[in-house]
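Colleague: Please show the model, and let us then discuss its side-chain pairs in turn.

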Amino acid sequence: MSLLAFALIALTSGNVADRAEDARPLKPPAKAPAVVIQGMDSKPVHLDAILKGKKTAIVFYRGGWCPFCNRQLADLQTALPDLNAAGYQLIAISPDLPAELMKSNEKYSLGYTLYSDSKAVAMEAFGVAFRVEPALVDKYKNSYHIDLEAASGETHHILPVPTVYLINQKGQITYIYSNPDYKVRLKGSELVAAAKASP
């Protein structure tokens with residue numbers, strides 16, 4: 001095992017809620033955690049390097065297997081020009097493996113970048129992680145043909161509460177929208193409005 005892989009595993013400790021409702025996301029004016037995620041090319045990327053003094057919208061979503069997430073990704077694409085005009089770059093993070101991210105990117109012709117947090121490092125650090133109960137994991141797999149382990153390549157069964165952050169040039173959180181009801185998402189137009197109003 002590489003030192004990086006060991007470090008990623010070591011960081012995933014303790015900050016995982018038992019239910020989505022019990023997650024405790026970071027709130028303004030907390031600083032965005034310095035975590036390592038993966039690009040679609042499977043290479044590790046430091047979040048600090050992505051932010052690098054830029055205003056950034058960060059979207060945590062459950063995965064390309066989730067129809068509500070896919071609708072959100074497509075909606076964000078339509079809002080992207082206005083978000084960019086407001087001075088923000090946009091990234092989206094999920095537990096999906098890089099190969100799964102590539103499928104979503106190609107399907108929706110996204111103009112923003114997807115990142116993999118299959119080890120749940122970023123989800124835990126931002127406080128949006130929760131563990132899916134075993135009965136629901138089995139129901140997803142057997143009733144809906146959704147295999148969380150295949151999507152993430154991991155057996156932790158951790159998902160993020162769907163959450164949107166705005167980060168300023170100093171790396172501080174200026175806005176958050178987080179809802180444990182995965183069916184309710186922040187609209188792209190609402191994100192643009194928040195971006196225009198954020199310092």
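Modeller: Residues are numbered from 1 along each chain as its sequence is written, and side-chain values use heavy atoms, with hydrogens and water left out.

Colleague: What pLDDT does the protein average?

Modeller: The pLDDT is the predictor's confidence in each residue, from 0 to 100. Residues 1–13 have a pLDDT below 50, and where pLDDT is low, the predicted coordinates should not be read in detail. Of the residues, 93% score at least 70, and the protein averages a pLDDT of 93.

Colleague: How many salt bridges does a search of the whole structure find?

Modeller: The criterion is a side-chain nitrogen of Lys or Arg within 4 Å of a carboxyl oxygen of Asp or Glu. Among them is the bridge of R19 with D22, with the closest N and O atoms 3.1 Å apart; another joins D147 and K141 at 3.8 Å, N to O. The search of the whole structure gives a total of four.

Colleague: In which helix do K103 and E100 lie?

Modeller: K103 and E100 form a salt bridge, the closest N and O atoms being 3.2 Å apart. Helices (H or I, at least four residues) and strands (E, at least two) are DSSP runs, numbered from the N terminus. The two residues are three apart, about one turn of the helix, and both belong to α4 (residues 98–108).

Colleague: Are F60 and Y165 buried or exposed?

Modeller: Rings of Phe, Tyr and Trp (its six-membered ring) pair if their centres lie within 6.5 Å; planes under 30 degrees apart count as stacked, over 60 as edge-to-face and the rest as tilted. F60 and Y165 are an edge-to-face pair, at 6.4 Å centre to centre and 80° between the planes. F60 lies in strand β3 and Y165 in strand β8, so the pair ties together parts that are 105 residues apart in sequence. With buried meaning under 20% relative accessible area, exposed over 50% and partly exposed in between (1.4 Å probe, protein chains only), both F60 and Y165 are buried.

Colleague: The charged end of which residue sits over the ring of Y182?

Modeller: A charge sits over a ring if NZ of Lys or CZ of Arg is within 6 Å of the ring centre and within 35 degrees of the ring normal. Y182 is partly exposed, at 28% relative accessible area. At 4.0 Å from the centre of the Y182 ring, the charged end is that of R62.

Methods
Contact = heavy atoms within 4.5 Å.
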